Protein chains: 2
Amino acid sequence: MSQYWSKIVHSLTPYVPGEQPKANDLIKLNTNENPYPPSPKALFAIEEATNSTLRLYPDPNSDILKQSIANYYNLTTEQVFVGNGSDEVLAHIFQALFKHDKPLLFPDISYSFYPVYCGLYNINYKTIPLNDVFEMSIESYNQDNGGIIFPNPNAPTGIALSLASIKTLLERNKHSVVVIDEAYIDFGGESAVNLIKQFPNLLVVQTMSKSRSLAGLRVGFAMGHADLIQGLTRIKDSFNSYPLDNLAMLGATAAIEDKTYFKNTCQKVMLTRQKLNQDLEQLGFRVLPSSANFVFVTHPEHQAADLAAALREQAIIVRHFTTPRINDFLRISIGTDAECAQLSKSLTTIISNR
Amino acid sequence: MSQYWSKIVHSLTPYVPGEQPKANDLIKLNTNENPYPPSPKALFAIEEATNSTLRLYPDPNSDILKQSIANYYNLTTEQVFVGNGSDEVLAHIFQALFKHDKPLLFPDISYSFYPVYCGLYNINYKTIPLNDVFEMSIESYNQDNGGIIFPNPNAPTGIALSLASIKTLLERNKHSVVVIDEAYIDFGGESAVNLIKQFPNLLVVQTMSKSRSLAGLRVGFAMGHADLIQGLTRIKDSFNSYPLDNLAMLGATAAIEDKTYFKNTCQKVMLTRQKLNQDLEQLGFRVLPSSANFVFVTHPEHQAADLAAALREQAIIVRHFTTPRINDFLRISIGTDAECAQLSKSLTTIISNR
């Protein structure tokens, strides 16, 4: 608290990220990182670029990365925006596309950074409740708005919305931007990226942090009509000319281009999720149907906070949110088979001891 | 231009960074990069960290880097803020500390990103003219304001303000934040960092891009009273939890800790500057007294734009601004001895041929 702060600083409620413990001997299933390492080709590209050229500024437009994303999704580079993690990309989106008189709409249970951005840019918003089984009912979005944003699959529920529903929503909502935050799309959801040519108000956001195992490198991107991308670029060029360092740009490019490694990794995560689902259900958990690299679970006889604390004592970290409606759920990231087996084993012990 | 843009997007005049040419055969003296590579220890630290841990999110607070900066400047980590290049740090400063009813003050000839940030955050500002020899007259800042910012040494003039003048300015201006942007301080200026304990409204900004040869890594930092740092952190945590990737954090830490390499590099740049000054003066240039890793020069008989174009034809890039008062100046970054000798040789030919 300081007399020198701008007014806005006093009113902010900053986002609180999941714990990044400094101890290495924990099974870390709390921030939805990929249990598998980045593509060896990405690591090689970074090593290759770790040389005297780091004295130079990077390409302010990250053209090489935009081109690889454009190639991957069959777009032009004018339809691609890149940033320092998808959180930065989202921040620019809120400022560039969501500040209107009418309220921004997003689900009541969703990525908890959305209301924080609204606070930062003084954006009017309204949350739309998920239904009783935690699904988005797109009918509820059929109202006046200054924009719509939701994760697909949703976080922290893991539940995906079908492409057919997204298309219906887009058809009904042409007067404002619809942003689909596809951080977890590669683990079983259907990307809306092919709808971009049809809907000039659609923006799809993705990240390299989950399916491409590069959370430590900070690269995210948005795809949409060139006019939307231009709006984001105007904000970016008024904020920081060079958001991506050279290593992030080149490592991310190599990761996008290594399609085989990417597909294999996603496949492995999905198989482990299937096994973990079964194990958790056998332990009496209710497991929401997940299309993401995490599961969202609740137990009829055990409080989520207690379970999280008991797991922590056994050196396993999962995420517990104190948000209403979901405060009796745990979000558990999909680890390796061995990590998930250890989790199931620990939960078995915890539950049978109570 | 799009119906979907927030109102602010239409009114922005984004910053235009110096050219980053993709050809390698140019002598690049246009963006004040260091001609020497980063510390070998920084490159080694990056190589060491290029491994499977990149799948994990970095430390959101970059504690290890804050600690190394705090140690270097004899501060606590609560007095240090780090960001994705000093441009991002500056952006957060404008939003966190400069949005007040009274106008922000900065020199009329200065870093051209300052008015861009004012546009982005809708901040009222007033420029204060440099005097006839392009110096800041601190008397002119003795007026009601919502903040003061200036680079020291100033850019693109290269002229430094004495610590005594800065102290006088701080003593007279206790009701708003004074930010000293020390991007070029290590090439001969005197840092104001030791005044932090005395002035709770002083914030000092530095970058790893110039004196530590890491423009490609994107790391900047701010130092000041813990209350000011807390204000910046509240904005950062409402914008992007993890602005520094793991490689940037660790590479920058190693660079800060390699004091010997840093001092030698700065020394070499200053020696080359001295030689270049002499050469340019012999060619009839007026060279402003520079404490930075660039010189700002004008020639009584040759137009700056023409000289820049002629140099470009000889594969040498320098920076020319079309801003009033300085549109007949060139800003020339200090390269290696060989690069500067080539520049002098080319200028000799160009000037004698006219």
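Begin with helix 4 and helix 5 of chain B, which are oblique to each other; oblique describes the angles left over once those under 35 degrees (roughly parallel), over 145 (roughly antiparallel) and 65 to 115 (roughly perpendicular) are set aside. The model is predicted, so local features need pLDDT of at least 70 and side-chain atom pairs count only at pLDDT 80 or more, while totals for chains, interfaces and linings use all residues. Residues are numbered from 1 along each chain as its sequence is written, and chains are lettered from A, with ligands numbered from 1, in the order in which they are written.

**Stop 1: helices 4 and 5 of chain B**

Select residues 86–97 and 114–121 of chain B; the axes of these two helices come within 10 Å and cross at roughly 50°. Axes here are lines fitted to C-alpha atoms, for helices over the stretch in contact, with angles from 0 to 180 degrees between N-to-C directions. Helices are DSSP runs of H or I with at least four residues, and strands are runs of E with at least two, numbered from the N terminus. The crossing is right-handed, the near helix being turned clockwise from the far one by less than a right angle. Next, display B:Leu90, B:Ala91, B:Phe94 and B:Gln95 of helix 4, which meet B:Tyr117, B:Cys118 and B:Tyr121 of helix 5. Contact requires C-beta atoms, placed from the backbone, within 7 Å. The residues of this contact comprise six nonpolar, one polar and no charged. In this grouping Ala, Val, Leu, Ile, Met, Phe, Trp, Tyr, Cys and Pro are nonpolar, Asp, Glu, Lys and Arg are charged, and the others, Gly among them, are polar.

**Stop 2: helices 3 and 8 of chain B**

Move to residues 63–73 and 246–257 of chain B, where the helix axes come within 9 Å and cross at roughly 15°. Helix 3 and helix 8 of chain B are therefore roughly parallel to each other. Which residues make the contact? Helix 3 of chain B contributes B:Ile64, B:Leu65, B:Ser68, B:Ile69 and B:Tyr72, and helix 8 of chain B contributes B:Met249, B:Ala252, B:Thr253, B:Ile256 and B:Glu257. Seven of the contact residues are nonpolar, two polar and one charged.

**Stop 3: the contact between the chains**

Show both chains: 71 residues of chain A are in contact with 71 residues of chain B. On the side of chain A that touches chain B, helix 4 of chain A supplies the largest share, six residues. That side of chain A divides into 35 nonpolar, 23 polar and 13 charged residues.

**Stop 4: cis peptide bonds and positive phi**

Most residues other than glycine have a negative phi, and most peptide bonds are trans. In chain A, select A:Asn152 and A:Pro153, joined by a cis peptide bond with omega near -5°. A:Pro153 lies in the loop between strand 5 (147–151) and helix 6 (163–172) of chain A. In chain B, the bond from B:Ala155 to B:Pro156 is cis, with omega near 5°.

Then select A:Ser213, a residue other than glycine with a positive phi of about 55°. A:Ser213 sits in the loop between strand 7 (202–207) and strand 8 (220–224) of chain A. Is A:Ser213 buried or exposed? A:Ser213 counts as buried, with 25 C-beta neighbours inside 10 Å. A residue is buried with 20 or more other C-beta atoms within 10 Å of its own, exposed with 12 or fewer, and partly exposed in between; the C-beta atoms are placed from the backbone. Finish at B:Ala315, whose phi is near 65°. B:Ala315 is partly exposed, with 14 other C-beta atoms within 10 Å.

Terms used. Contact = placed C-beta atoms within 7 Å.
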